[in-house]
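Hi everyone, thanks for coming. Have a look at the model on the screen, and then let's talk about its pockets and its cores.

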Amino acid sequence: MDGTARYSVQVGALPRTTKDELQSATGATFTDLRVALFMVCWRDAHTLSRANSLHLWNRNSAFCGKCGALTERSAAGHSRKCRNCSMTNYPSAVPVGIVLITDSAHQNIVLVRQPRTPRGMYSCIAGFSDVGENLEQTVHREVAEEVGIEVSSVRYVASQHWPFPGSLMAGCFATAEKQELTIDERELEEARWFSRDEISGAVERITSNPYLRLRGKTCEELLIPPPGAIAYHLISHWVKGTPIEEIYHHIY
């Protein structure tokens, strides 16, 4: 996006004519929410994420999961009550562990690349929690599955709601001995260790121009997620050397 463009984020479904009228009246352009979350500040990203998740939950919860009857939306709070059996349904978020792995000297980190991400884009390892797992178990399992190494000292940092499909991203740090990675090719296109110098340049690059990450744009240099993602904060504060217990205060 250049400096003169204006964007309006689409959270709910609108008729085509309404979209055209709004774009004409405002000079803005509708864009995909997955892109929009990287175009706004951290707090606005949370607002958009929550709004989209509630919209989808209301749309997908019109009928009772127990008896199949219609549900009614509560006038206060976020819940839907069945007209027939009176069962009340509440929106929920799926827990996801996202982790930045450092070596024992804290001079290198592991980042991974998925095939669907923009060219040159690397991020932290992340995965959904299985039933019965705690956060630490999720991190251990996902790292072992995706890059074939064992981690230690898993420490929680901060969290972020993410609307795809409606997740609570729990950001962590973990430590591993620097060793060869064995990737799960069903999940990842590439995974590698990056040095502090490499990551410092990537942080500076995406901080100065968050739109480098947008789909359709090409960049031959290393990219990390922009400030709308918790992965950015994990990576950038590692570069800055921010104590883990203080990162939360810098994010919020």
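**Pockets and cores**

About 290 Å³ of space lies in the second largest pocket, where a pocket is an open set of points on a 1 Å grid over the protein atoms alone, fitting a 1.4 Å probe, with protein on both sides within 12 Å along at least five of seven lines. Volume here is the space filled by probe spheres set on the points, joined across faces, edges and corners.

Before I go on: this is a predicted model, so local features need pLDDT of at least 70 and side-chain atom pairs pLDDT 80 or more, while totals for chains, interfaces and linings use all residues. Numbering starts from 1 along each chain, and side-chain values use heavy atoms, without hydrogens or water.

Back to that second pocket: 14 residues line it (an atom within 4 Å of a point), and S53, P91, S92, H161 and G166 are the closest to its centre. Helix α3, residues 42–60, contributes the most, with six residues; helices are DSSP runs of H or I, at least four residues, and strands are E runs of at least two.

Now, what is the volume of the largest pocket? About 730 Å³. Its 32 lining residues include Q114, R116, A126, W162 and M169, the closest to the centre. Strand β8 gives the largest share, four residues.

Finally, the largest nonpolar core has 38 residues: buried (under 20% relative accessible area, 1.4 Å probe, protein chains only) Ala, Val, Leu, Ile, Met, Phe, Trp, Tyr and Cys, joined through side-chain atoms within 4.5 Å. Helix α6 supplies the largest share, six residues.

Notes
Buried < 20%, exposed > 50% of the residue type's maximum accessible area, 1.4 Å probe, protein only.
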